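My notes follow in the order in which I looked.

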Amino acid sequence: MDPVTNPYAPGAGSQPPELAGRDEIIEKTRTTLARAQIGRTSKSFMLVGLRGVGKTVLLNKVEEIANSRGYVASFVETPETKTLPQLLIPSLRRILFRLDTQERVTEAVKRGLMTLRSFANTVKVSIGDVEVGLNIAPQKGVADSGDLDTDMSDLFEAVGQAAKARGLAIAIVIDELQYIKEKEFSSLIMAIHRISQKQLPLILIGAGLPQLVGLAGKAKSYAERLFDYPVVDALSPNDAVIALREPARREGVEFMEDALKLVAKMTKGYPYFLQEWGYHSWNVARSSPITAADVHTASDIAIASLDKSFFRVRFDRVTPREKDYMFAMANLGAEPHRSGDIAAELGVTVESVAPIRSSLIKKGMIFSPAHGDTAFTVPMFADYLNRVSSGTAS
Ligand SMILES: Nc1ncnc2c1ncn2[C@@H]1O[C@H](COP(=O)(O)OP(=O)(O)O)[C@@H](O)[C@H]1O
Ligand SMILES: [Mg+2]
C-alpha cells in the first residue's frame, strides 16, 4: 500500500486513527466534568496502566472534552525532571490569566493571582521572565507558610474560588504521575482534598503506571477514597480488530479476517503494538486485502522497530546491575515473579537486591501487581530482554 496514506500512528502520545475500546472512560470523563461544572460532588481520577496502552492519548482527549465544555483546562508538563511547584506555577498562572481576560477582573481572580505570587515567592522557583502578574503583590498570610502541604492547598483553594466567581470550571491534567516525589504528591492530594471539601469547580485528571495507586495511598491514606483509578488495559480482541480494520477501511483498504485475528493475537491487543503492526502490514501489502502472509512479513519489521525505539529507550535508562535483575526476571518467564525467585535466579539474597528492585520501580520499569510480586511495566518486555540476551534484538 501507499506509505503516504498509511493511517496508523505508532508513537508515544500519537493520536490513533481510531480510538477503540475507550467509550467507558470517555463517558466517565464527560460525567465527571459535567458534574463539577454544575457544582455537584465530582471525583478527580487517575488513569493507570502499563506503557503503551494509550493513557497519554486519553489525557489529550480529556483536555479536548474539557475545552469543548467551556472548561479552562491545562495540560501540565510531565513531572519527570521538574518539581511539582515548578510545573504548577506556569500552569495555574495561565489558568488565572484566562479567567482574567473575561470582561472584568473580579476580586477572586485577583486574590488567586496574589496567592500564586505568594506561593511562588515561598517555594522560590524561578518561573522565567513573565512574572506572576507583574504588578501584583503577594497575598499576605496565604500560601506563604513554607509548608508545602498548607501552601499548595491555599493556592488550589484560591484558584478554585476564582473559577467559581467566574462561573467556570478548571481541569488540571497531569501525565506520568508516578514520577512525582512523595512529599509533593502528598501536598497535591491534600490540595485536591481541600477543593473537594469546599466543593470548588476544579478537577484533577492524571495518568501513570500501575505503581501510582500505591504511591498515592502511601502519600495519603485517604487518597484511595478521594480519587477513582480507572484501569487502561489492552484492548479486547473485538476492539483490537476495530482499531485495525476501521482506519484501513476509511482508505478503501480491507484486511482478510484471519489477518485481523493474527494481529490481535500477536499484539495481545496492546494499542502501541497494534499501531506498529498495522503500520508495517500496510506498507508490506502489495494490494488490498491485506493477508495473513503480509502480517507475518510485517511482524519481523514491527518487532525490529519496537526493539529500536519503544523497548530500547527504556532499557538504556537502567544501570548494569538493574539490567541483571531484569534479565533474571525475563529468564523466569513473562508472568509476574516472587522477589525470592528472582533473587534465587541471581544467586543472591532478597535483601541484597531490594535496593535494585526499588530503584527499578522508581524508574518506572517494574511494579508490584500484588504483594511480593514483580512484573514489567512495559508489555512483552521479557521477550525483548530474551532477544537482547540471545543477540537477536535489533
Ligand atoms: N484506544 C486506542 N486504540 C488504538 N490505538 C491506540 C489507542 N490508544 C492509544 N493508541 C496508540 O497506542 C500508542 C501509545 O499510546 P500512548 O497514549 O502514548 O500510551 P501510554 O501513554 O499509555 O504509554 C500510540 O501509538 C497510540 O496511537
Ligand atoms: Mg504516556
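I took a polar contact to be a pair of N or O atoms within 3.5 Å; within protein, one must be able to donate a hydrogen and the other to accept it, and residues adjacent in sequence count only if both atoms are side-chain atoms. The model is predicted, and local features need pLDDT of at least 70, side-chain atom pairs count only at pLDDT 80 or more, while totals for chains, interfaces and linings use all residues. Residues are numbered from 1 along each chain as its sequence is written, chains are lettered from A and ligands numbered from 1 in the order in which they are written, and side-chain values use heavy atoms, with hydrogens and water left out.

**Ligand 1**

I looked up the backbone contacts and found a backbone N or O atom of Gly11 at 3.1 Å from an oxygen atom of ligand 1, and a polar backbone atom of Gly54 at 2.9 Å from an oxygen atom of the ligand. For Glu18, a polar backbone atom lies 3.3 Å from a nitrogen atom of ligand 1. I then noted that ligand 1 taken alone exposes 560 Å², of which the protein buries 96% (Shrake-Rupley method, 1.4 Å probe; for residues, only the protein chains shown count as cover).

I counted a residue as near if one of its heavy atoms lies within 4 Å; of the 25 residues around ligand 1, Ala9, Gly13, Ser14, Gly52 and Lys55 come nearest.

**Strands**

I used helices (H or I, at least four residues) and strands (E, at least two) as DSSP runs, numbered from the N terminus, and let two strands pair if DSSP finds at least two bridges between them. Strand β2 (residues 72-76) runs parallel to β3 (residues 170-174), joined by five bridges, and Val76 stands opposite Ile174. β3 also pairs with β4 in the parallel sense, over five bridges, with Leu202 of β4 as the bridge partner of Ile170. From β3 the chain crosses through helix α6 (residues 182-197) to β4 in a right-handed β-α-β crossover (clockwise from the first strand over the helix to the second, with the strands pointing away from the viewer). Strand β1 (residues 45-48) is joined to β4 by four bridges, again parallel, and Val48 has Gly208 as its partner in β4.

Last, I checked burial (buried is under 20% relative accessible area, exposed over 50%, partly exposed in between; 1.4 Å probe, protein chains only). In β4 (residues 202-208), seven of its seven residues are buried, whereas in β2 four of its five residues are buried.
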